[in-house]
Every structure is written in C-alpha cells, then in structure tokens.
Amino acid sequence: SASPTETPAGTQFTAVTPNAEDAVVIPEGYEQAVVIKWGDPILPDTPAFDFDNQTPQAQERQFGFNNDFAGLLPIEGKPNAFLLVCNHEYSTETFMFSGYDPNSPTLQQFQVGVTTHGLSVVQVKGESGSGKLTPEFGPYNRRITGNSEFLVTGPAAGSDLLKTTADPTATKVIGTLNNCSGGVTPWGTILSGEENFNQYFANFDTVADPAAKDRLKRYGFVGAASLRRWENFDPRFDLAVEPNEANRFGYIVEVNPWDATSTPIKHTAMGRFKHESANIYVTADGTVVAYSGDDEKFDYMYKFVSSRKMQPGNGQASMRHNLTLLDAGTLYVAKLTGNEPDQIDGTGKIPSDKGFSGTGEWIAILKTGEDGKGQSLVDGMSAEEVAVFTRFAGDKVGATKMDRPEDFQPNPNTGKVYVALTNNDKRGTEGKAKADEANPRNTNKNGQILEITDDHAGTAFTWTLLLVCGDPQAADTYFGGFDKSKVSPISCPDNLAFDSYGNLWISTDGNALKSNDGLFSVVLEGPNRGETKQFLTVPKGAETCGPIITDERVTVCVQHPGEEDDASADKPASHWPDGGATQPRPAVVAVWKTGGGRIGIQA
Ligand code: FEO
Ligand code: CA
Ligand code: CA
Ligand code: CA
C-alpha cells in the first residue's frame with residue numbers, strides 16, 4: 001500500500017493540544033463566535049434573560065438549556081440563511097438556579113425545568129467573508145418543550161400500554177424529554193432521540209406487579225423520588241399514579257421545522273429505547289434506512305428499513321408522505337461475530353495484522369404494515385410489546401451487547417456506516433459480558449469507533465474497528481493502522497459527522513484522559529486512514545456535541561459547561577461564554593477560517 005502522504009483535504013489544520021482551559025480552543029488561523037446560548041430570544045417580545053428571575057413564560061420563548069444535537073438547514077430562496085435546530089437534552093437545576101434545593105424544588109423551578117427541555121428552531125443568517133451566524137426572528141422559529149403536544153404513530157399508537165388518564169386514546173403525548181442527538185433527514189425534517197427518560201419518573205419502588213417492575217428495571221428506573229421531583233407538581237411523573245406515562249417516552253421524534261404549527265411525531269415502529277439519535281441512508285432504489293443506537297452499557301444497535309419510498313421535492317404533498325416513511329417497515333437489531341474471537345483477552349490487543357473485524361446479521365424483530373399494524377417477529381412478545389419494550393426483543397434474539405452505542409451514522413460519500421461506542425467501564429466485570437472483538441477491552445474507559453459495510457436494505461454486513469480510542473502511547477489503542485506517534489489522543493467518542501471530502505468528525509463526551517472534551521477529524525480512506533487530529537476543545541466540564549462540518553464553518557454545541565461534581569450555580573466551575581463572574585451557559589459556537597477560506601484546506 002502507498003505510504004502516508006501529506007494530510008488530506010479537510011484535515012489540514014494544526015491540531016489543538018489537550019488542555020483544561022475554560023474556553024473553546026481552536027486552531028491557529030481560525031476564528032469563533034457564539035451563535036446562540038441558553039436564554040437568548042427565539043421569538044419576538046421575549047423578556048431579556050435574567051438569571052435571577054426566570055419564568056416558564058420567558059423560557060418558552062428562549063433558547064433552552066443543554067443543547068446537544070444541532071442541525072443547520074439551508075432556507076431556499078434566502079442565500080446564506082439557515083434554520084438552526086437544536087435539542088435541549090436536560091435541565092441542570094443546580095446550575096440554572098442559585099440556591100437550588102434538590103430536595104425541595106419550587107413550582108417555578110419545576111415549570112422552567114420542563115419548559116427548558118425539548119427543541120429550538122431558529123433562523124440564523126450568515127455573512128460573507130466569515131462563518132459567523134446571527135440569530136433572527138423568522139416564520140419558522142419555535143420552541144418545542146416538555147409541554148408540547150406530540151402525535152403517536154406506529155404499532156403502539158392506541159395501545160393499552162400507552163393509555164393514561166389524560167390520554168385514553170394513547171395517541172397524544174405531552175412533551176419530549178432528554179432529546180440527546182438527532183439527524184437531518186433527506187426530506188428536510190429533524191429526527192431527535194429521546195434518551196435517558198427514566199430519570200423523570202418517581203416511585204419505581206412502589207410498583208408491585210413483578211412484570212411491570214422487570215420492564216421498568218430493564219429501562220433503568222430506580223428508587224422513590226425522581227432526580228428533579230417533578231412528581232411533586234404533576235402526577236404524570238409518578239409511576240404509582242400513572243404507570244403508563246413512562247411508556248410514552250423513549251422514541252424517535254420527528255419534527256417538520258418548515259411549519260411552525262406542525263405537530264411533532266413519536267414513531268413507535270422504530271422501537272423504544274434510549275435512542276441517542278437516528279440517521280438516514282437512502283439506497284439507490286429509494287429505500288429509506290434509519291440507524292439508531294441504544295446508549296446504555298451492554299445495549300444494542302438497531303436499524304429500521306421503511307417499506308415506503310421517499311418522494312422527491314419539498315412540496316406539501318411530498319412532506320405529508322415523507323412524514324410517514326418511518327411508520328411502515330421492519331425494525332432490526334444487530335448481532336456481530338468476530339473473526340478471531342479466541343484471541344480476544346480483554347486487553348484490546350489486536351488479534352492479528354487484520355485488526356478487529358467480523359461479520360454481522362440484522363435480526364428482524366418487528367414488522368409494521370401499510371395499515372400501521374405491527375407484527376411481532378419475536379416469540380412470546382406481541383407487536384405492541386416489541387414496540388414499547390424493545391430491549392426485551394433484543395435480549396430474546398441474542399443481539400450483541402455493545403459498549404454504549406451513541407451516534408450511528410452513514411457516510412454519504414461511501415455508504416459505510418459508523419458507530420461511536422463511547423465507553424463501558426462495566427465490560428468484563430462480575431456477571432457482565434466479557435470483551436469480544438467489537439468491544440475488545442474490559443473496563444473500557446475510552447471507547448471505540450465501529451465501521452460497518454452494510455447491505456442497507458438487507459440483513460448481512462461486515463464490520464471492522466476504525467479506532468480503539470485512548471492515549472495513543474498506550475498498547476490498547478488503535479488508529480486504523482496509522483502511525484500512533486502522529487495522532488491526537490481521543491477518548492469517549494459520542495457524536496459523528498462527515499465533511500464534504502468524506503472524512504469523519506467525532507465529538508467527545510467524558511474524556512477519560514484528564515483533558516477537556518473536543519472535536520476531532522479522522523481520515524477514512526487512503527494511506528492516511530486513521531489519522532486523527534483534534535480541531536477544538538470545549539470549556540471545563542462541557543461535552544462537545546452536535547458537530548456540523550461544512551466547507552465554510554464548523555458548528556458545535558457546547559453542552560453543560562462547568563458540569564463538575566462539586567459545582568453549582570453558587571460555585572460554577574466555568575464562566576464560559578460570558579467570562580468574569582458570570583454563570584456558565586450552554587451555547588452553540590461557529591468556527592471559521594480567518595478571511596473565510598475552506599475549513600481544513602491549507603491556503
Ligand atoms: Fe445523551 Fe448518549 O448521550
Ligand atoms: Ca449530552
Ligand atoms: Ca450523546
Ligand atoms: Ca454521551
């Protein structure tokens with residue numbers, strides 16, 4: 001094979017070195033600016049953000065807390081204008097309110113907390129010669145919150161499992177919670193994953209029925225009081241009062257951002273688990289495939305293959321049709337087999353010069369027909385049960401237990417599919433699954449990147465590990481065969497993106513190497529495959545997420561700045577982005593090349 005050449009297009013920048021700065025640190029020759037931050041107005045006539053006097057009325061017109069996913073959709077007919085769509089994953093009350101008492105939140109704090117969740121849609125405008133983006137009021141701007149109405153579609157719509165006092169039809173859910181990552185669909189909508197929804201529901205301890213208890217347990221429900229004590233104000237968050245309310249969260253949500261009055265959808269045909277995100281690949285014949293990971297230690301990777309074809313064009317009829325693509329088709333779960341399983345000892349040592357690789361099978365678990373009715377493909381489970389308690393279906397068919405599947409995303413240039421397996425410190429511990437070839441390290445603190453060559457609409461695939469992350473000087477790391485003395489250390493991959501040259505970009509969450517989290521480019525093809533370079537780092541305690549890489553700019557979400565164990569609003573561990581003695585505020589940041597050149601291209 002050819003020897004490594006000069007750094008390929010898209011990754012030509014001077015790597016940022018690991019650091020613990022309370023700042024976004026970017027390469028030399030680049031500039032940055034905050035696009036929007038928690039509390040900034042989304043809608044006109046919004047009161048100015050006032051940290052000491054927050055109201056739900058203001059919050060539902062402002063950019064929410066803890067932005068995770070970001071999508072940037074060009075607005076047709078408006079040059080250099082976009083819709084920025086962001087998820088607001090969760091509220092951190094100890095940072096949001098000074099003097100917050102976790103044992104006794106106030107009604108106002110509860111209301112602001114619910115409202116700060118959800119999504120924001122906001123028009124942003126670029127300017128020539130820079131990558132700067134400025135928010136504007138526009139006809140599409142909207143907030144979706146923990147109080148917004150959603151339509152339930154798919155096999156669980158109308159099911160007894162979803163019926164509550166407020167909604168005996170089991171088709172209308174109030175709110176979306178813990179929306180982590182997401183995806184932009186080729187038909188112009190946003191998919192958003194409801195992730196750690198278990199934390200909002202109280203009184204698991206009082207559930208007496210053993211079957212109900214098992215189900216809740218498998219989804220991580222524990223204890224009595226919930227983390228935020230919302231049950232004190234709204235009984236729907238109390239499992240003892242509304243046992244089915246929790247079954248109404250954990251779905252892929254679809255938002256049509258081009259109609260600010262549209263009702264967002266929860267697609268139950270795609271299953272219920274801790275969806276990190278969902279990302280679409282369309283095959284040559286127009287078949288729509290959605291990939292989604294279940295972000296939990298030892299949980300599974302899924303794909304949904306639609307039985308409907310995407311309609312081109314962005315007229316209203318096309319949009320109406322395309323909003324049903326994820327309501328009919330087959331849900332699969334992944335089973336992986338290594339080529340050299342006998343040689344895996346849990347240390348991460350490469351079994352041979354072939355690296356870590358193997359074959360895989362997609363096991364069908366649920367088929368949803370044109371009439372929306374489900375057919376279970378799992379013995380002993382009904383279709384509704386597979387849709388709502390999907391993890392049990394994966395357990396029954398022997399799916400492969402992975403190291404926390406975060407983003408799961410196809411590369412538009414090559415069709416290869418990438419999964420960020422963020423970490424799993426319980427791998428190989430007592431009673432837990434041991435290392436296997438796709439998850440090759442016990443007590444895995446740094447994670448790995450899986451590369452899948454998928455027969456997208458079919459059931460067979462092959463796979464290989466692109467990266468086994470960590471300190472490149474450590475024996476248990478692998479960088480696609482690239483010279484490890486020439487790469488940046490990387491730990492806990494979370495979100496994925498691709499640039500126009502086909503390179504992979506990875507943002508991290510939870511860096512176990514004692515430096516701030518950040519964003520990295522990774523060369524995928526050619527002799528430099530595996531070359532990994534750090535493009536930026538985020539402030540203390542923050543995770544990097546939502547990366548969007550275009551030729552003009554890099555856009556990232558800086559989530560939960562200052563989130564360190566002993567920090568609070570009275571003692572923040574970060575003062576980013578406003579500096580001085582201010583409170584940290586989650587925000588979106590744009591980075592561009594000084595003078596407006598192409599990202600990652602040497603002048
Ligand atoms: Fe919210 Fe899977 O990270
Ligand atoms: Ca997050
Ligand atoms: Ca994530
Ligand atoms: Ca994460």
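This is a predicted model: local features need pLDDT of at least 70, side-chain atom pairs count only at pLDDT 80 or more; totals for chains, interfaces and linings use all residues.
Let us begin with strand β2, which covers residues 67-74. Six of its eight residues are buried, so β2 is largely enclosed by the rest of the structure. Its partner is strand β3 (residues 81-88), and the two pair in the antiparallel sense over six bridges. If you look for G71, you will find V85 of β3 standing opposite. Together β2 and β3 form a hairpin with six residues between them. In that turn, G77 has a positive phi of about 80°.

Now turn to the sheet. Strands of a sheet pair through backbone hydrogen bonds, either parallel or antiparallel. Here, six strands make an open sheet in the order β8-β7-β12-β11-β10-β9, with mixed pairing. Which strands stand at the edges? They are β8 (172-174) and β9 (179-184); each has a single partner strand, so one side of each is left without a neighbour in the sheet. From one strand to the next, the twist averages 30°. Within this sheet, strands β11 (residues 252-255) and β12 (residues 265-267) run antiparallel and are joined by three bridges. I252 stands opposite H267 in β12.

Finally, find V305 in strand β16, which spans residues 301-309. Is V305 buried or exposed? It counts as buried, because 21 C-beta neighbours lie inside 10 Å, and the cut-off for buried is 20 or more. Leaving aside residues up to four places away in sequence, V305 touches T287, V289, G329, T330 and A457. A457 is 152 residues from V305 in sequence, yet their C-alpha atoms are 6.2 Å apart in space.

Conventions:
Residues are numbered from 1 along each chain as its sequence is written. Chains are lettered from A and ligands numbered from 1 in the order in which they are written. Helices (H or I, at least four residues) and strands (E, at least two) are DSSP runs, numbered from the N terminus. A residue is buried if 20 or more other C-beta atoms lie within 10 Å of its own, exposed if 12 or fewer, and partly exposed in between; C-beta atoms are placed from the backbone. Two residues are in contact if their C-beta atoms, placed from the backbone, lie within 7 Å. Two strands pair if DSSP finds at least two bridges between them. Axes are lines fitted to C-alpha atoms, for helices over the stretch in contact, and angles run from 0 to 180 degrees between N-to-C directions.
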